[in-house]
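The points below are meant to be read beside the model. They take up the chains, their cores and a few local details in turn.

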Amino acid sequence: MEVKIENLEKRYGSYVAVGIDNLSIPSGQSFGLVGNNGAGKTTLFRCLLDLIEPDSGFVSIDGQPTNSGEDWKHNTGSYLDENFLVGHLLPEEYFDFIASIHGISESDLKAKLAEFESLFNGEILGNKKLIRDLSKGNQKKVGIAAALLFDPKVLVLDEPFANLDPSTQIRLKELLKKLKSDRGVTMLISSHDLNHVTEVCERIVLLEKGKVINDIQTSSATLRELENYFAGVRSESEA
Amino acid sequence: MKNLLTILHIDWRESLRSPLWSRKLLINIFMGAGFLYLAGIFVALGVALDDILLKVPMDGIDYNTYGPSFVLRRLDSFLLYYFFFDFVLRYFMQKLPAMSIRPYLHLPIKRSSLVNFLLVKTVWSPFNLFHFLIFIPFMFEVFNNLDFAPALGWSVGFVAIVYANNFGLNYLKRTSEVDTRVYLALLGTLVIVLGLDWFDLVDFQSVSGLIFNQLFLQPWAMMVPIIVAAGCYWINYNYLRHNMYLSRISKSKTSEISYVGSGILSRFGLIGRLTELEFKFIWRNKRPRSVLLLTILFLGYGLIVFPNPDYAGNTLMYILFSIIITGMFMLNYGQYLLGWEGGHFDHILTRNVSFKNYYMSKFLLFVLISMAAMILSIPYAYFGWEVLFVLFCVFLFNMGVNSHIVMFFGSLNPKKVDLTQRTAFNMQGAGAAQFLVAIPILGFPLALYGLGILLWGSTGAVILLGVVGLAGLAGTRFWISLLAAWLKRQRHEISSDFRNQ
């Protein structure tokens with residue numbers, strides 16, 4: 001499904017957190033969002049998921065603006081932060097619930113969770129720990145798995161690699177690549193980790209102060225290019 | 001010492017900058033007025049204590065026998081109870097400062113400073129200060145009536161006992177916080193002491209007098225409580241000094257939780273499943289769980305009014321009490337309706353569950369628990385069928401009308417409820433809405449009742465309540481859709497409020 005950002009603007013006072021005229025993410029594309037703290041990545045995702053109200057414009061999924069209808073919720077998996085998790089449930093109970101609201105049968109759920117086994121690394125299921133008592137990294141695993149549980153057509157992840165251990169980072173990358181090639185999921189991923197994001201995403205958009213300042217099709221030169229940009233930003237602020 | 005003062009200073013600033021102060025003016029006025037009221041009562045009690053003790057009929061302890069010290073002697077015969085109750089009260093309600101040292105543990109500050117900080121901080125706990133509100137006015141009397149040395153002995157001794165209690169409890173609570181045996185032992189002792197006294201087996205009043213009179217008879221006896229208080233401080237100090245590790249202080253109680261699959265409620269489909277999740281929420285978090293326990297406790301609330309001949313046939317009273325009995329949970333839990341879920345509100349907004357179903361599940365929860373309360377109140381029929389009749393009509397009214405009112409107020413700019421906080425008398429999360437909700441909840445049925453009396457008399461008025469309740473129930477879907485529309489309009493504001501809290 002196609003995700004389209006149209007004339008989106010979100011201001012806090014006179015400060016423009018996000019100001020994007022037109023950005024279209026075609027169906028099946030893996031789209032990476034990079035930028036320093038305060039560049040507007042999370043704000044953009046929150047506008048997309050209808051968690052905050054933009055001052056103007058909208059984001060649409062499959063042609064439907066997310067702030068008017070609710071149908072997109074059937075096809076969109078997302079995990080931004082712990083506010084997406086129900087802390088007083090066991091991971092199993094949370095997955096049960098997500099499966100039930102998406103009409104997934106018990107056996108399908110089992111099969112689905114088996115797919116995540118390597119991602120979970122034995123730390124999520126059967127540990128009798130409530131989600132709120134899990135470590136940040138394990139909470140993230142639960143959130144990502146819940147977002148993927150119902151085979152969404154669109155996937156939105158904020159900083160999916162942060163807080164994860166190296167093995168899980170590698171497994172997650174494999175999983176995301178497979179999702180793209182096998183199921184054609186439209187993926188929107190923000191990250192501070194340039195290595196990971198260039199590896200997973202075929203297109204990278206660079207945000208600065210809410211504006212798109214670069215829009216690149218990923219190639220072997222992309223990582224270098226991004227590193228130069230971020231190194232430059234730093235020396236600028238030091239000067 | 002310097003470090004200790006610095007930490008105390010930072011701690012003081014923490015209370016100055018507490019989110020409490022940035023709350024709405026209205027609620028702070030309410031809280032402030034409540035606080036002044038309580039403080040006023042204590043001071044007034046202290047001022048009047050003298051006269052009260054003069055009026056207490058106590059043979060043998062009078063002016064003829066003991067002269068000017070007889071008032072104090074009378075008081076002393078109660079102090080043993082007083083301090084025992086104080087201890088029990090503290091055990092249930094006084095909170096130990098523990099987490100506040102977390103940010104200092106890794107800094108080059110002596111452990112002894114941190115330990116002293118934790119202990120010194122309790123000195124101005126309200127549980128110590130309220131004694132002084134009562135007894136400082138009284139101490140003026142003591143100094144008036146007695147010589148300086150005896151008066152000083154008694155007064156200093158009293159203060160020392162307050163702190164002996166404070167630090168003694170601190171130690172007990174630190175070493176046995178989650179131990180239900182202590183809980184039961186305290187309650188058991190209380191029952192036994194009261195029992196022994198009631199049946200005149202042991203005269204605790206004489207014992208108490210004998211002990212506490214020493215403070216002014218032999219002023220040096222004040223050293224005993226001082227030493228006990230210092231000793232308790234020292235035990236605490238020693239304990240903390242050797243146990244001050246994050247894992248021990250914060251005692252993150254990650255007890256094992258067993259998987260609970262979908263139960264009978266999932267037969268109601270999605271709404272039932274949501275309600276099930278809510279039951280899990282209530283059961284797995286202390287604060288909502290205590291709301292549930294309070295509900296059970298308040299089932300007995302009717303015993304105050306129904307058997308009381310003074311209220312016989314006082315339908316107005318019956319109605320007020322019935323609102324509480326069958327609606328306690330709904331009123332108490334529902335006023336924080338969205339606030340409870342402040343921690344995962346983004347989940348609520350992004351999952352594919354409509355707001356209508358969301359509110360429906362809340363409604364189902366209210367109905368189920370109120371229904372249980374109604375069924376458990378059936379024995380009130382013992383006090384007359386009229387009682388049961390009023391209870392039932394009010395139950396219908398609670399379900400049909402009050403439930404929707406509560407849900408609306410609970411959705412009115414909610415505050416995130418901090419589930420990690422203590423449970424007793426916790427006002428966190430309260431806003432103006434939580435105060436205002438009482439007006440329609442009690443006012444509306446009373447107005448309706450008044451109208452009914454004018455038209456058809458008392459019985460007709462009660463029936464009117466029931467009928468209006470049924471009408472409200474019939475319109476449930478409509479009310480819920482209004483609530484859902486309201487939430488849809490407010491969703492962005494609420495979610496960003498939650499995120500910033």
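**Notes on the predicted model**

1. Among contacts in chain B between residues at least 6 apart in sequence, 80% join residues at least 24 apart. Two residues are in contact here if their C-beta atoms, placed from the backbone, lie within 7 Å. This is a predicted model, in which local features need pLDDT of at least 70 and side-chain atom pairs count only at pLDDT 80 or more, while totals for chains, interfaces and linings use all residues. Residues are numbered from 1 along each chain as its sequence is written, and chains are lettered from A and ligands numbered from 1 in the order in which they are written.

2. Chain B has 20 helices and 0 strands. Helices (H or I, at least four residues) and strands (E, at least two) are DSSP runs, numbered from the N terminus. The C-alpha atoms of chain B fill a box of roughly 75 × 65 × 40 Å along the principal axes. Of its 501 residues, 34% count as buried. A residue is buried if 20 or more other C-beta atoms lie within 10 Å of its own, exposed if 12 or fewer, and partly exposed in between, with C-beta atoms placed from the backbone.

3. The largest nonpolar core has 133 residues, and Tyr94(A) and Val394(B) have the most contacts inside it. Helix H17 (residues 385-410) of chain B gives the largest share of this core, 14 residues. A second, separate core of 33 residues includes Leu75(B), Leu146(B), Ala164(B) and Phe212(B). A nonpolar core is a set of buried Ala, Val, Leu, Ile, Met, Phe, Trp, Tyr and Cys residues joined through C-beta atoms within 7 Å. Leaving out residues up to four places away in sequence, Val394(B) touches Ile319(B), Ser322(B), Ile323(B), Thr326(B) and Leu465(B).

4. Phe212(B) is also among the buried residues of H9(B), together with Ser208(B), Gly209(B), Asn213(B), Leu215(B) and Phe216(B). Their cover includes helix H4 (70-93) and helix H7 (148-176) of chain B. Helix H9 (residues 204-217) of chain B has 14 residues and should span 20 Å at 1.5 Å a residue; its end C-alpha atoms are 19 Å apart, which agrees. The expected span is 1.5 Å times one less than the number of residues.

5. The contact between the chains takes 29 residues from chain B and 29 residues from chain A. On the side of chain B that touches chain A, helix H12 (269-284), helix H15 (345-350) and helix H20 (476-500) each give two or more residues. H12(B) gives the most, with 6 residues.

6. In chain A, 4 bridges join E6(A) to strand E7 (residues 154-158), and the two run parallel. Two strands pair if DSSP finds at least two bridges between them. Tyr79(A) stands opposite Leu157(A) in E7(A). From strand E6 (residues 76-79), Thr76(A) and Ser78(A) point one way and Gly77(A) and Tyr79(A) the other, and all are buried. In a regular strand the side chains alternate between the two faces of the sheet.

7. Which backbone angles deserve a check? Phi of Asn121(A) is near 55 degrees, and phi of Asn163(A) is near 70 degrees. Most residues other than glycine have a negative phi. Asn121(A) lies in the loop between helix H4 (117-120) and helix H5 (136-148) of chain A, and counts as partly exposed because it has 14 C-beta neighbours inside 10 Å. Asn163(A) is in the loop between E7 and helix H6 (166-183) of chain A.
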